[in-house]
Amino acid sequence: MRWNRKERKDRTSGRSQRQGQEAARRAWLFRGLGRSGVNQKKIVWSELIGLKAKIIRASHPELVGIEGYVLDETRNTLTIGGEKVRVIPKDVVELEFETDNKSIRVDGKDLIGRPEMRLKKRWRR
């Protein structure tokens, strides 16, 4: 770590101070197109990283309208990179994912859980 004398902050050489901002600019992350097998029923079991997402409804008004590509997914959050990289809690939002020419709406509560554990869950159809 280096000491930045002007701003009096520690910084790592050659890296951005903001975490995740450089990841949003990488073109290889955006691979959501070409997933024609994903539909309303199968989206719960499919890979979300790389899909374009938009928040339609949320309990917190500042979250509504955020859109971008899903960069990372944890048990309770989605990291969406657009203008900024934001971490969104899954349980308070309703999302719309774009795949090819389709838009799929999903309640965030259905997506709670680690991606590998969601495969084991049984969902009512």
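A salt bridge here is a side-chain nitrogen of Lys or Arg within 4 Å of a carboxyl oxygen of Asp or Glu. With that in hand, E96 and R105 qualify, their closest N and O atoms being 3.7 Å apart.

A word on the origin of the values: this is a predicted model, in which local features need pLDDT of at least 70 and side-chain atom pairs count only at pLDDT 80 or more, while totals for chains, interfaces and linings use all residues. Residues are numbered from 1 along each chain as its sequence is written, and side-chain values use heavy atoms, with hydrogens and water left out.

The structure holds five salt bridges in total, and the table lists some of them.

| Pair | N to O distance |
|---|---|
| R57 and E94 | 2.2 Å |
| E96 and R105 | 3.7 Å |
| E116 and R114 | 3.2 Å |

Let us start with R57 and E94, which form a salt bridge. This pair links distant parts of the chain, with R57 in strand β3 (residues 52-58) and E94 in strand β7 (residues 93-99), 37 residues apart. Strands are DSSP runs of E with at least two residues, numbered from the N terminus.

Now to accessibility, where buried means under 20% relative accessible area, exposed over 50%, and partly exposed in between (1.4 Å probe, protein chains only). R57 counts as exposed at 54%, whereas E94 is buried at 13%.

For the remaining pair in the table, E116 is partly exposed at 46%, and R114 is partly exposed at 41%.

Key:
Helix = DSSP H or I, 4+ residues; strand = E, 2+ residues; numbered from the N terminus.
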